[in-house]
Amino acid sequence: MPAIDSTPGRRPPRATTVVAGAAVVLLALAGCGTDTSDTEASGTARGSKSPAAGASPDSGDGSRAAKAAALVHRAMDATFDQEYLSSTRRTKTEGTTTLRIAPGGDRTACKAQSRKGSASLDFIVTESALYSRGSKEALELSPEGKADPVRVQVMADRWVKRGAAVSEAAGDMCEATTRRTWLEERIPSLGRLAEEKPRQQSMKVQERSATKITYERAGGPLEFYIAAEGSPLLLRVTYPATDLDESFSDFGKPFRVVAPSAAVSESQMAREVLAAQ
């Protein structure tokens, strides 16, 4: 699970460090990192689209492999074009993270929660601000929490309204392009998939008829589960070589993102921590 900053420090340099650290935490939670454990995993460029429906990535020869690869990328197009979308990501290092994204004014708003064991982090990004909340167990994992137990006691399970700099840095986590890029960096490119021969089988996923496309690879099977009826939505993708296990749901289902009513500002939280010392 990602570490979380506790609260602003007592001096401006410390406060600056906390702001930078919080931004790193949010980017990690959003999956903006580019590292991957499989050197062959290489997706398409950020924001790019796959070939048009029915197009073959290998000179139009109509091969079964090319058609399967094209279906995978059409599914990604359909999924990440949704105005509303939920995703659940499971990793060995960070536990389980759920994210819901929705359009909101000048930028997309979202809600996220990361859990590993009894530790949990929650984030809400509205049109104008970022809010975060950490459980006692999560705060105890941070360097600040280990050095200052009082800080943990004061902040645990409370919403904090973060400063403008952190809020701006966190905005990218709500974008569908961020989600797509994170995924594409952990799977082989369209061209590489078009050269491989997958297995296909029919099954039920999330109470939907689905097609499972499996690529046998050295690091373990790469599996795509794609809705077989209606729009070819991507329901789930797994690939142990890159610690990838993500599912998608709530396609197009509207929801609101609102600021938590009991949130306090970073400065107020800092004052409370100082008073409790």
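The expected span of a helix is 1.5 Å times one less than its number of residues. The legends below apply this to one helix and then turn to its surroundings in a predicted model.

**Figure 1. Overview of the protein chain.** The predicted model contains nine helices and 12 strands. Of the 277 residues in the protein chain, 50% are buried. Among contacts between residues at least 6 apart in sequence, 59% join residues at least 24 apart.

**Figure 2. Helix α2, residues 64-80.** With 17 residues at 1.5 Å a residue, helix α2 should span 24 Å. The C-alpha atoms at the ends of the helix are 25 Å apart, which agrees with that expectation. Because 14 of the 17 residues of α2 are buried, the helix is largely enclosed by the rest of the structure.

Figure 3. Tyr84 and Phe255 form another edge-to-face pair, with 6.1 Å from centre to centre and 65° between the planes. Tyr84 belongs to the loop between α2 and β1 (85-91), and Phe255 to the loop between β11 and β12 (264-265), so the pair ties together parts that are 171 residues apart in sequence. Tyr84 is buried, with a relative accessible area of 16%, and Phe255 counts as buried at 14% relative accessibility.

**Figure 4. Arginine side chains over aromatic rings.** The charged end of Arg89 sits over the ring of Trp182, at 3.5 Å from the ring centre. Arg100 lies over the face of Phe255, 3.9 Å from the centre of that ring. Phe255 is the residue that also forms an edge-to-face aromatic pair with Tyr84.

Figure 5. Five of the six residues of β11 are buried, so the strand is largely enclosed by the rest of the structure. β1 and β11 pair in the antiparallel sense over four bridges. Within this pairing, Thr88 has Ser247 in β11 as its bridge partner. In β1, five of the seven residues are buried, so this strand too is largely enclosed by the rest of the structure. Strand β10 (residues 234-239) also pairs with β11 in the antiparallel sense, over four bridges. Here Val237 stands opposite Glu246 in β11. β10 and β11 form a hairpin with four residues between them, and Asp243 in the turn has a positive phi of about 55°.

Figure 6. Val257 is placed in the loop between β11 and β12. With 18% relative accessibility, Val257 counts as buried, since the class takes values under 20%. Apart from neighbours within four places in sequence, Val257 is in contact with Ala109, Cys110, Lys111, Ile124, Val125 and Thr126. Val257 and Glu127 are 130 residues apart in sequence, while their C-alpha atoms are 9.0 Å apart in space.

**Figure 7. Surroundings of Thr214.** Thr214 is found in strand β8 (residues 208-215). A relative accessible area of 1% makes Thr214 a buried residue. When neighbours within four places in sequence are left aside, the contacts of Thr214 are Pro198, Arg199, Pro221, Leu222 and Glu223.

Methods. Residues numbered from 1 in each chain as written. Predicted model: local features only at pLDDT ≥ 70, side-chain atom pairs only at ≥ 80, totals over all residues. Heavy atoms only, no water. Helix = DSSP H or I, 4+ residues; strand = E, 2+ residues; numbered from the N terminus. Buried < 20%, exposed > 50% of the residue type's maximum accessible area, 1.4 Å probe, protein only. Phe/Tyr/Trp six-rings, centres within 6.5 Å; stacked < 30°, edge-to-face > 60°. Lys NZ or Arg CZ within 6 Å of the ring centre and 35° of its normal. Pairing = 2+ DSSP bridges. Contact = heavy atoms within 4.5 Å.
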